[in-house]
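Here are some comments for a colleague who is starting to read this model. Please keep the structure open beside the text while going through the points.

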Amino acid sequence: MLSKDQIIQKLMEMLGQEQINTNPDDLYDASADRYKKYAKARKVLDVPTPVAIVYPKSAEEVSELLKFCNENLINVIPRGGKTATEGGLENWKDLTIVIDALYMDKILKIDPYNSQATVQAGVALQDLEDELRKIGYTTGHSPQSKPVAKYGGLLATRSIGQFSTLYGGIEDMVVGLECVFPDGHISRIKNVSRRAGGPDIRHIAIGNEGTLCYITEVTIKIFKFYPENNKFYGYLINDVETGIKVLREVMVNGFRPSVARTYSEEDAAQHFYHFHDNKCVLLFMAEGPKGIVEATGKAIEEATEKFKDGIIKQVDSQLISDWFDNLNWSQQDIDDEYEGMIENDAHAGYTTEISADWETIPKIYNNVIERVRNEFPRAHELTMLGGHSSHSYLNGTNMYFVYNYEINCAPEDELLIYHHPIQKIIVEETLRMGGSMCHHHGIGKYRNEWAEQEHGSAFYMLEKLKESFDPKGIMNYGTIFPQKEAIQKYIYRG
Ligand SMILES: Cc1cc2nc3c(=O)[nH]c(=O)nc-3n(C[C@H](O)[C@H](O)[C@H](O)COP(=O)(O)OP(=O)(O)OC[C@H]3O[C@@H](n4cnc5c(N)ncnc54)[C@H](O)[C@@H]3O)c2cc1C
């Protein structure tokens, strides 16, 4: 086993000085992500800091670094835009190197004729989007972290954006990619329109959360953009069930609005304070070529007419359009939230996103809300409990539970006292009813205690992938794959 000093010495032999960061503040920042934002801001993190953050410039340098870590049993945490929400960037090992994609930030090719673009892992989504808009195209990908998240992280977490109902999640956009395994092997999956050469191996990299390989490059689809045709629809409705029924009607009839959402009244109150009137909110956006937008708009109107008993009134479409303009989080917004927590804000907001079929989603929603109100010992300290469905499919939809609370305990106890019991109820109810406990944030370190239950007999397949590609277990220890001792120590604080 190498000492920390020996590791840094070896890194200096491999990389230039500007590629190695051992600044104590940056290492503290790198030891946890937004999951532990409050404890982090209050400087009471109980996890080890990494030995160094390194910034490779190419797949070859990533390969050298991974080989070195593999031979010397050093844990590796791949890093992109740092917007992870489930502990994917949290460090649970004494000897860890964070491999950050900062210098792999080149847009390599924009190819409108073949509707694809190739970027390095460290390209921020917003940067590619800005380039594409100049030529009338879009990535179609718009998570709220769009200004900050980078392509490696977007793939590794199976991210999804606000316009997913039309464009799909990241998995629908990836054409080909390049990734590096712990033994240093560089794999390139070529760019073709479709293939049937065995299982779809793109999915070994997509969603791996840094536990199997390091993604260095990706080719994604790009789409013609028609903002002049955008149409927005908003409604006040009686209940979540009505909203889900309307969403289903539009989807099963074969239409694909880019946005299709239903908000509970509590969640609507924090998003649509300008018109919610203490009611639930249903909204749609239709985009694309004019004829498609018109047909989609007509389908939305027919669906709302069919369920008119649950619909209170339609609202001005400008209210919905305005709301979209201010939805994303910049780095400044993220920093401001963090700064606020350092001294003032003993108040936290969290989310847990799950998915299930049309029939099951309203049942999960109602069961969760009832159980949290009745079983969560600090329910009286909740300042908000509700949720919304924001990504719909032919056969079902997601539910994004949102819960805010005042923190009346030591900062280091907050997650265990408040967040964990609520998340546990959501996960338990979802798994009991046959849904998936993660719709798009990944498992990270804070849902991995339920990873085996999530996958059932298919967890065998994930374990075999880990054994084959990362036999020494150096990739992002504790993420996706449960580690009982570490869970006791860092989640249950035992
Ligand atoms: C304000 C806010 C809004 C958000 N909104 C959304 C949303 O609408 N939709 C959504 O899906 N998510 C959302 N997220 C979650 C987050 O933005 C996504 O998971 C995003 O994909 C993470 O990208 P990143 O570059 O920041 O990755 P990071 O946070 O740096 O890393 C995330 C995970 O991916 C791994 N990883 C990073 N880079 C690589 C790589 N090159 N190779 C292998 N593994 C890698 C890391 O080890 C980690 O486990 C939001 C987060 C915030 C803070």
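1. An oxygen atom of the ligand lies 3.4 Å from a polar backbone atom of G88, and a backbone N or O atom of Q144 is 3.0 Å from an oxygen atom of the ligand. The side chain of T83 also takes part, with an N or O atom that is 2.6 Å from an oxygen atom of the ligand. These pairs are polar contacts, meaning pairs of N or O atoms within 3.5 Å. The protein covers 97% of the 970 Å² of accessible area that the ligand has on its own, where areas come from the Shrake-Rupley method with a 1.4 Å probe.

2. Please bear in mind that this is a predicted model, in which local features need pLDDT of at least 70 and side-chain atom pairs count only at pLDDT 80 or more, while totals for chains, interfaces and linings use all residues. Residues are numbered from 1 along each chain as its sequence is written, and side-chain values use heavy atoms, with hydrogens and water left out.

3. Which residues come nearest to the ligand? Of the 32 residues around the ligand, they are P78, G80, T83, S145 and I160, where a residue counts as near if one of its heavy atoms lies within 4 Å. By class, this shell has 12 nonpolar, 15 polar and 5 charged residues, with Gly counted among the polar ones.

4. Three elements, β3 (75–79), α6 (151–156) and β10 (214–221), each supply at least two residues of the shell around the ligand, and the largest share, 4 residues, comes from α6. Helices (H or I, at least four residues) and strands (E, at least two) are DSSP runs, numbered from the N terminus.

5. A search of the whole structure finds 1 cavity of 30 Å³ or more, and the largest cavity has a volume of about 160 Å³. A cavity here is a set of points, on a 1 Å grid over the protein atoms alone, where a 1.4 Å probe fits but cannot get out, and its lining residues have an atom within 4 Å of a point. Its volume is the space filled by probe spheres set on the points, which are joined across faces, edges and corners.

6. The largest cavity is lined by 17 residues, of which K36, E412, L415, Y490 and R493 lie nearest its centre. The largest share of this lining, 5 residues, comes from α16, and the lining has 9 nonpolar, 2 polar and 6 charged residues.

Note on methods. A polar contact is a pair of N or O atoms within 3.5 Å; within protein, one must be able to donate a hydrogen and the other to accept it, and residues adjacent in sequence count only if both atoms are side-chain atoms. On a 1 Å grid over the protein atoms alone, a cavity is a set of points where a 1.4 Å probe fits but cannot get out, and a pocket is an open set with protein on both sides within 12 Å along at least five of seven lines; lining residues have an atom within 4 Å of a point.
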